[in-house]
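Hi,

Here's the structure I promised to send over. Have a look at it first, and then read on for what turned up.

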Amino acid sequence: MRGRSGIVFVVLFAVGLVIFYISWRSLISPDVTPKDNLSPQMNLGISSKDLKIGDRAFVMNNNRENQQVNRGFDNKLQQDIFSNKELLHQGNPHNSRYDILPSENDEKQSLENNMFRKKEKGVPEGNYRTFDEIKSPVSSMKRLVHLDLKGAAPKMNYLLDLIPVLSKLGATGLLVEYEDMFPYSGMLSNISALNSYTVKEIKDFLEKANSYKMEVIPLIQTFGHMEFVLKSVFKDLRETKSTPQVIDVTSERSYKVIGEMVKQILAAHPSTSYLHIGCDEAYEFGRGASSTYLISKGLSKHEMMINHLVKVAEIVKKFGDQKVVPIIWDDMIREVSSESIKKAELPSLVEIMVWNYGDNVFDRVNMTIWKKYASLFKNVWIASAFKGASGSRQFFAEPQYYLKNHFSWLEVISALTPEMRFKGMALTGWSRYDHFATLCELLPVSIPSLAVCLQTMQNAGFTPDIHSNASKIIQCDSLIEMGVPKIDKHTKLPKITQSCRFPGHELYHSVQELYAYTEMSQKHRIDGWLSDYQLAHNFSNPGQLTVMSMGLNKQRNFYLQVSVPLKFYLSKYFADDVVDEWMDENVEERKRYIDELQKKIQRLLVPNVWSRHPLPRVQIALPFDNGLSKFGSKQKSSINGFEKQRNAQMETQSLNFSEKREKVKLINADERLKENEVTRTEDKYSLVKNDTRYLGRKSRRFPAKQNISANNFQDISTPSQPVYSKYKDIIQPKLDEDIPRSKDKTGKPYKKRKEIKGYSGSIQNERRAKMNNIPAQKVRGAAVSSDALKEVEEASKLSN
């Protein structure tokens, strides 16, 4: 019985364990894994499983082949996608929710399923405001959408497709800034871009706009921002010869050019009632040709500027049969007195457009300015922004940012109505800050922001219902996202919660994904473990470097992944030059930056043993920088020499201090002379002279530490006799030319030495000053001690 009872007990105990185990498993998800056991400074969103293969050896080997692998991956991925375009319809393979091109079944899905949620997650309550007291005057204002074509001008078929959408969103017209995309002819034919629109394309564009009862107002620059006119053909008409920004208002030829521009623009737009003539941000005015004219005529700067505005307005009236009204930006007359404006009768000739793109218009355009405008002008236009005003390098338009600007304008209208009549509003969408600047947000990427802003101005506020209506017009399956894209904390992928169908929506979603990837910042690790000081000493934490390298590789692969659909859809809406520029500025440059960081990381992962504190003193700055850019082509020899110097210092750590110092000195001088040999072939003699100036005729030694304060002369070491002999052919001829000359025995000055390219003569003047007992001054940016100058004098005596 005892044996049977023992067996029963064991069986029951086992069954109990099984039941307990099953119950425990039902409560715990089998997919849940323990939290990665990483220290706070190592947590990058990379699991401990990934970190096992991310040791230093793996990262170094991966980095050595990184460039070849990435090139191969780029080419293979591009071939695969373009050979099988179905991949483009599959969207992001890492995110099943996100489809760039949806299937027919998806398009048939009713939008109302998700549209009318009053409080969408991620939409702050502060985005909703109403201004019912001014709804009537605001709804009666003209609403112009500004098309800035001086950068990333879309293909004409895209603009034709966009016009119906803009009309539905509430636009009543278009403010078209052609710049060099207008097909000028005759004397102006060379200021147009080689791929400018044709006359037929512009005619089709105007007909399409007219069919939707949208007024087209052309905009040309006639004062500032005339870079496209003055950069080459008409360079003699610049206000300042060095900058093609402002036209010379003292030249009659300038007005002939402006008159021809006005004539051709109005001829292409025969039905327009307005012509915007720019006249903003003329920063260079009064600094060049006009400055002399002002003095000779006894005019003030403001008076001369008003005279120019009057002349251009009269030109518009002449070619517009007195029917076309000029519009000007207001910023250049904000500080002009009311008396000067009245005296020139400017209010009878032009209407002003007051612009501001911030979240508080009154900060820049205060009540004093508004009262002045109310007393002078019968009608006032205003200008907000839906893109291109949050940074010259910004490539994603955040609706929430630009909505605040429109709320501020509604506050201005509310405060100034009925004292001032607001005739209309232009919603500007800048593509570049000027003709030479980088590209801002593209037009297709900014349609959601434009939809929000247009609906806000049409309805004098932004409510959940207006939000839903704007989203429905551009065919989004949920409310328009008001913020910038983010990375999901769990999936580590872009968090995109909607799918839209407006013209250019494919590019919009691709740019959303790219923007989210740029948010994967490694800045805190770069600042903490990848400084120039750490690079110079080969002294950093390999664990942090390893995690940093893995994160950078992950980010670079994401850039590779999204670059293919980006390039494909960019080519659909823009010309090849725009595709190349945008891809390089926003994708390729980021990849190059990661590659440079990986090289630095690989260098720091080499040592396995590190020095005790204090670390040896080394020269951090690149030798003989001479003010050149960090990425300049002429820095290659200096960088190579600096690397060799640093490596030599690290190799000699086991030597005693004096031995190590002598070895570094020798290598330091050796590398400088090698670098100078390269720069000498590039006609940069000043760099060669700086290194050999105080060596003396027969390699005379001078103190190792001189009183030299220039950046490029830190702790100059003494070259040895073998080094001098090795590079005698380089040093000696220049020493013979650099011998200081004063006067001979008869008192006559010696003949001047041969003029050398790039040499200013300041060193020779300094030596003469020293011989005449004049206190020493700075020599080529370096304060040289009296001992060093004595060496120069001794070298001179030896040569004589």
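Is the crossing of helix 9 and helix 19 left-handed or right-handed? It's right-handed. Keep in mind that this is a predicted model.

Let me stay with that pair for a moment. Helix 9 covers residues 156–169, and its axis comes within 10 Å of the axis of helix 19, with the two crossing at roughly 35°. On the helix 9 side, the contact is made by Tyr158, Leu162, Leu166, Lys168 and Leu169. Helix 19 answers with Ile447, Leu450, Ala451, Leu454, Gln455 and Gln458. Sorted by class, the residues of this contact are 8 nonpolar, 2 polar and 1 charged.

Helix 19 itself is worth a click. This helix runs over residues 447–459, and from its first C-alpha to its last it reaches 18 Å, close to the 18 Å expected at 1.5 Å a residue. Helix 19 is mostly covered, with 11 of its 13 residues buried. Among the buried ones are Pro448, Ser449, Cys453 and Thr456, as well as Ile447, Leu450, Ala451, Leu454 and Gln455, which also turn up in the contact with helix 9.

Val511, Leu514 and Thr518 of helix 21 meet Trp582, Asn586, Val587 and Arg590 of helix 25.

In soluble globular proteins, nonpolar side chains tend to be buried together. Here the largest nonpolar core has 177 residues, and Phe205, Ile333, Trp370, Leu507 and Trp582 have the most contacts inside it. Helix 24 (residues 542–573) supplies the largest share, 10 residues. Trp582 is also part of the contact between helix 21 and helix 25. As for Phe205, leaving aside residues up to four places away in sequence, the residues it touches are Leu147, Met156, Leu159, Leu160, Ile163, Leu174, Val176 and Val216.

Finally, the overall picture: the protein chain has 32 helices and 16 strands. Of its 800 residues, 50% count as buried. Among contacts with a separation of 6 or more, 76% join residues 24 or more positions apart.

Cheers

Methods
Residues numbered from 1 in each chain as written. Predicted model: local features only at pLDDT ≥ 70, side-chain atom pairs only at ≥ 80, totals over all residues. Heavy atoms only, no water. Core = buried A, V, L, I, M, F, W, Y, C linked by side-chain atoms within 4.5 Å. Buried < 20%, exposed > 50% of the residue type's maximum accessible area, 1.4 Å probe, protein only. Helix = DSSP H or I, 4+ residues; strand = E, 2+ residues; numbered from the N terminus. Contact = heavy atoms within 4.5 Å. Expected span 1.5 Å × (residues − 1). Axes fitted to C-alpha atoms, helices over the stretch in contact; angles between N-to-C directions. Left-handed = near helix turned anticlockwise from the far one by under 90°. Nonpolar A, V, L, I, M, F, W, Y, C, P; charged D, E, K, R; others polar.
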